[in-house]
Amino acid sequence: MKVYKTFGILFSFIITFGHIKTLAADAELVTFQSMNLDLAQMAAMETLKACRDEGYQVSVAVVDRSGGIQVLIRDQLAGIFTTDIATRKARTALSFHTDTINLVEPTKSGEVASGIRDFPDAMIVAGGVRIEAAGSIVGSIGVSGAPGPEIDDVCARKGIEKIDDILNF
């Protein structure tokens with residue numbers, strides 16, 4: 001009987017301290033939402049369609065919350081540099097925690113934040129829009145190739161709007 005009691009105490013000790021260690025490890029780990037590939041592709045295709053509906057051929061980049069490319073598409077007649085520009089717009093929106101259209105005015109020459117324009121690979125023109133789901137940033141989308149960055153921005157927003165019901169479950 002003494003052996004069972006000792007075993008029971010030892011087992012309780014292991015379970016208790018094992019659980020405490022798990023709680024400590026959980027405090028050191030983070031969790032976050034991320035788009036799966038299907039959703040990223042849907043966002044890209046809806047954005048491309050929005051631009052096509054207006055008669056524009058563009059490139060669309062969708063990056064995850066870390067800036068890694070999930071989807072990069074270029075319409076048949078979109079310019080050769082549009083893929084790079086779209087990717088840079090998407091990463092800029094993500095990195096500076098705001099849509100790129102919001103960076104244009106505060107970073108103009110002579111403004112306090114103008115140095116941001118010198119940051120390598122930053123693209124401070126409209127067309128980069130963050131993608132949010134249930135209050136968390138899950139990535140961003142960049143568009144390039146329409147006859148003006150403001151039109152790129154509109155296409156990106158239309159694409160995101162098409163998947164809004166999935167994002168805001």
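Which side chain does a polar contact of 2.9 Å join to that of Asp99? The partner is the side chain of Arg157. This is a predicted model, in which local features need pLDDT of at least 70, side-chain atom pairs count only at pLDDT 80 or more, and totals for chains, interfaces and linings use all residues. Residues are numbered from 1 along each chain as its sequence is written, and side-chain values use heavy atoms, with hydrogens and water left out.

Asp99 lies in the loop between helix H3 (82-95) and strand S3. Helices (H or I, at least four residues) and strands (E, at least two) are DSSP runs, numbered from the N terminus. The residue is buried, with a relative accessible area of 10%. Buried means under 20% relative accessible area, exposed over 50%, and partly exposed in between (1.4 Å probe, protein chains only). Neighbours within four places in sequence aside, Asp99 is in contact (heavy atoms within 4.5 Å) with Ala93, Gly128, Val129, Arg130 and Arg157.

Helix H2 covers residues 37-53. At 1.5 Å a residue, its 17 residues should span 24 Å, and its end C-alpha atoms are 24 Å apart, which agrees. The expected span is 1.5 Å times one less than the number of residues. At the start of H2, a side-chain oxygen of Asn36 comes within 3.2 Å of the backbone nitrogen of Asp38. Gly55 follows the helix, with a positive phi near 90°. The buried residues of H2 are Leu39, Ala40, Ala43, Ala44, Thr47, Leu48, Ala50 and Cys51. They pack against strands S1 (59-64), S2 (69-74) and S4 (136-144), and against helices H4 (149-162) and H5 (164-167).

The largest nonpolar core has 24 residues. Such a core is a set of buried Ala, Val, Leu, Ile, Met, Phe, Trp, Tyr and Cys residues joined through side-chain atoms within 4.5 Å. Val58, Val60, Val62, Ile131, Ile141, Val143 and Leu167 have the most contacts inside it. H2, S1, S2, S3 (128-133), S4 and H4 each supply at least two residues of this core. H2 gives the most, with 6 residues. Leu167 touches Leu39, Ile131, Glu132, Ala133, Ala134, Val138 and Ile160, not counting residues up to four places away in sequence.

The disulfide count is 1, with cysteine sulfur atoms within 2.5 Å as the cut-off. Cys51 and Cys155 form the bond, their sulfur atoms 2.1 Å apart. Cys51 lies in H2 and Cys155 in H4, so the pair ties together parts that are 104 residues apart in sequence. The torsion about the S-S bond is about 115°, so the disulfide is right-handed. Both cysteines are buried.

The whole structure holds 1 aromatic pair. Rings of Phe, Tyr and Trp (its six-membered ring) pair if their centres lie within 6.5 Å; planes under 30 degrees apart count as stacked, over 60 as edge-to-face and the rest as tilted. The rings of Phe96 and Phe119 have centres 6.1 Å apart and planes at 80°, so the pair is edge-to-face. Asp121, in the loop between H3 and S3, has a positive phi of about 75° although it is not a glycine.

Terms used
A polar contact is a pair of N or O atoms within 3.5 Å; within protein, one must be able to donate a hydrogen and the other to accept it, and residues adjacent in sequence count only if both atoms are side-chain atoms.
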